[in-house]
Amino acid sequence: LISYGALNFMWYTFAIMWRWQRLSMEPSTLLVQGKIEALRLSSKKFLSALLSAYVGSQISKLPRLSVALALAPLGDKMLQYTERKLHVGADGAVGVLTSFLVGLCLGVWTLIILSDAAFSRTSLGTFAM
């Protein structure tokens, strides 16, 4: 479970970053005036990148499951290490590692959206409050 979650984290993070770069090269990328408009356009671009990553995820699911199965012993070691260091049970270790991966993924996505909104507002890239 942990190895598949880590693979999904890597897949979605890198797929969204790759797609984001391709979307940023499109000529329709414009400078906007308002903060809300910049966030709205960045969120729309993010949803497009997320949809592309999701479609790619469905296509590559079987190979990722195979790799996750091969990496299962590494996931077990991560769980055991977490149990030892944090003095929690197996369920607690799964919760900690899963929460870490989800939080890290959402943090990266938020950073992508906010940085794009900041750089789309002006040619200097300021997002002054």
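The model is a predicted one, in which local features need pLDDT of at least 70 and side-chain atom pairs count only at pLDDT 80 or more, while totals for chains, interfaces and linings use all residues. Residues are numbered from 1 along each chain as its sequence is written, and side-chain values use heavy atoms, with hydrogens and water left out. The secondary structure of the protein chain comes to 5 helices and 0 strands, where helices (H or I, at least four residues) and strands (E, at least two) are DSSP runs numbered from the N terminus.

**Overall fold**

- Read from the N terminus on, the elements of the protein chain follow the order α-α-α-α-α.
- Of the contacts in the protein chain with a separation of 6 or more, 77% are between residues 24 or more positions apart, a contact being a pair with heavy atoms within 4.5 Å.
- Of the 129 residues of the protein chain, 31% count as buried; buried means under 20% relative accessible area, exposed over 50%, and partly exposed in between (1.4 Å probe, protein chains only).
- The accessible surface of the protein chain comes to about 8,500 Å², with 71% of it belonging to carbon and sulfur atoms; such areas come from the Shrake-Rupley method with a 1.4 Å probe, and for residues only the protein chains shown count as cover.

**Nonpolar core**

- The largest nonpolar core has 14 residues, and those with the most contacts inside it are I16, W20, F46, A49, A53 and W109; a core of this kind is a set of buried Ala, Val, Leu, Ile, Met, Phe, Trp, Tyr and Cys residues joined through side-chain atoms within 4.5 Å.
- Helices α1 (2–24), α2 and α5 (90–121) each supply at least two residues of this core, and the largest share, 6 residues, comes from α1.
- When its neighbours within four places in sequence are left aside, W109 is in contact with Y12, T13, I16, F46 and L50.
- C105, which is found in helix α5, counts as buried because its relative accessibility is 11%.
- Not counting residues up to four places away in sequence, C105 touches F9 and T13, and although C105 and M10 are 95 residues apart in sequence, they are 8.7 Å apart in space, C-alpha to C-alpha.

- Helix α2 has 25 residues and reaches 36 Å from its first C-alpha to its last, close to the 36 Å expected at 1.5 Å a residue, the expected span being 1.5 Å times one less than the number of residues.
- The buried residues in α2 are A38, S42, K45, F46, A49, A53, G56 and S57.
- L51 is also found in helix α2 (residues 35–59), but it counts as exposed because its relative accessibility is 54%.
- Together, L51, Y54, V55 and I59 make a nonpolar surface patch of about 440 Å²; patches are made of residues with over 30% relative accessible area and no salt bridge, with like charges joined within 9 Å and nonpolar side chains (Val, Leu, Ile, Met, Phe, Trp, Tyr) within 5 Å.
- A salt bridge here is a side-chain nitrogen of Lys or Arg within 4 Å of a carboxyl oxygen of Asp or Glu.

**Two further residues**

- R22 lies in helix α1 and is partly exposed, with a relative accessible area of 44%; the C-alpha atoms of R22 and A49, 27 residues apart along the chain, are separated by 9.3 Å.
- H87 is in the loop between α4 (72–86) and α5, where it is exposed with a relative accessible area of 71%.
- The phi of H87 is near 55°, a positive value in a residue other than glycine. Most residues other than glycine have a negative phi.
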